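Subject: Structure for your review

Dear colleague,

Please find below the structure that I am handing over to you. My notes on what was found in it follow.

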Amino acid sequence: MTTFALNNLWRYLQGLMLTQSEREWLAGKLSEPVKSEEKEEVVSETKKQRKVRPLSPEVEFLSNLHLKEFTQEELDEDPLLAAIVEDRRLRK
């Protein structure tokens with residue numbers, strides 16, 4: 001925020017008719033650290049942990065599969081396969 005905006009905010013806060021407990025609550029809120037910085041630190045640490053973890057055997061197996069698009073001829077020969085593929089296309 002700019003100095004001008006902060007001064008306006010400060011004047012507004014001074015003009016409020018607050019009880020002592022409300023003033024204490026507001027003072028506590030104003031002195032709290034920004035939570036987004038804490039979240040960013042946690043996210044960056046989580047990303048670091050994810051990079052270090054090895055892939056599970058299942059994921060390695062799936063990454064080694066060479067999946068291909070079915071040709072129209074293959075789909076014509078197998079109606080069940082064609083229905084499955086068509087259903088998957090509709091979900092996308």
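**Surface patches**

A negative surface patch is formed by E73, D76, E77 and D78. Lys and Arg count as positive and Asp and Glu as negative, while His and the chain ends are not counted. Patches are made of residues with over 30% relative accessible area and no salt bridge, with like charges joined within 9 Å and nonpolar side chains (Val, Leu, Ile, Met, Phe, Trp, Tyr) within 5 Å. A salt bridge is a side-chain nitrogen of Lys or Arg within 4 Å of a carboxyl oxygen of Asp or Glu. The place of a charge is NZ of Lys, CZ of Arg, CG of Asp or CD of Glu.

Please note that this is a predicted model, in which local features need pLDDT of at least 70, side-chain atom pairs count only at pLDDT 80 or more, and totals for chains, interfaces and linings use all residues. Residues are numbered from 1 along each chain as its sequence is written, and side-chain values use heavy atoms, with hydrogens and water left out.

D76 belongs to helix 5. D76 counts as exposed because its relative accessibility is 55%; exposed means over 50% relative accessible area, buried under 20%, and partly exposed in between (1.4 Å probe, protein chains only).

L6, L9 and Y12 make a nonpolar surface patch of about 300 Å². L9 is in helix 1 (residues 3-15) and, at 36% relative accessibility, is partly exposed. L13 also lies in helix 1, but is buried, with a relative accessible area of 17%. From C-alpha to C-alpha, L13 and R23 are 9.7 Å apart in space, and they are 10 residues apart in sequence.

**Overall picture**

The protein has six helices and zero strands, where helices (H or I, at least four residues) and strands (E, at least two) are DSSP runs, numbered from the N terminus. Of its 92 residues, 5% are buried.

The average pLDDT, the predictor's confidence in each residue from 0 to 100, is 75.

Terms used. Accessible areas come from the Shrake-Rupley method with a 1.4 Å probe; for residues, only the protein chains shown count as cover.
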